[in-house]
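Q: Could you take a close look at the salt bridges in this model and walk me through the residues that make them?

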Amino acid sequence: MKLSDIADNAGSRKKRMRVGRGIGSGKGKQAGRGGKGQTARSGVRIKGFEGGQMPLHRRLPKRGFNNIFRVEYAEINLDRLQDAINAKLIDVKETINAESLVKARVLRRSKAGVRLLGRGEIKAKLTIEVHGASKTAIAAVEKAGGTVKILAPVEKDEGEAA
């Protein structure tokens, strides 16, 4: 094998179609854009326009709203926590909190705090500090001999948007 033998795989580089270069090219005259008018021009097509009929998106009623005060928690289930303990990502003797979960890469980010949910079961005796927990999750952790401490919600700055 020589340096001159190296080549791309067949068909890996395709030449772009040059439009509007005469009838013989196969993409001449209207260059694949059909007839005249608005649709033949670039960037002017009206999306959702139904020929003067009331468009579907205006016929349907508006629903719901976005709550600007909504607090988003990072959620973690007990089975996910137990898997992390089994994989030795989390030290059982330490207090488990949002920072330790992010550091162990069990959670990507802690958002406005962590909420513990009750899917699965926990076998280890843990001390957990979270911003919220379901009743089943608290019961399961306490059954295993651990404790759950619920922290106060994270205060957001007034200028910060949700």
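A: Let's start with Arg 59, which is partly exposed at 45% relative accessibility. Keep in mind that this is a predicted model. The side chain of Arg 59 meets that of Glu 50 in a salt bridge, 2.8 Å from N to O. Glu 50 is partly exposed too, with a relative accessible area of 30%. That pair belongs to a set of five salt bridges in the structure. As a rule, oppositely charged side chains can pair when their charged atoms come close.

Over at Arg 13, the side chain joins that of Asp 8 in a salt bridge, with 2.3 Å between N and O. Here Arg 13 is exposed, at 71% relative accessible area, while Asp 8 is partly exposed at 48%.

Then there's Glu 72, which pairs with Arg 70; their closest N and O atoms are 3.8 Å apart. That still counts as a salt bridge because the cut-off is 4 Å from a side-chain nitrogen of Lys or Arg to a carboxyl oxygen of Asp or Glu. Arg 70 is exposed, with a relative accessible area of 53%, and Glu 72 is partly exposed at 39%. Why does Arg 70 get the label "exposed"? Because exposed means over 50% relative accessible area, and Arg 70 has 53%.

Key:
Residues are numbered from 1 along each chain as its sequence is written. This is a predicted model: local features need pLDDT of at least 70, side-chain atom pairs count only at pLDDT 80 or more; totals for chains, interfaces and linings use all residues. Side-chain values use heavy atoms; hydrogens and water are left out. Buried means under 20% relative accessible area, exposed over 50%, partly exposed in between (1.4 Å probe, protein chains only).
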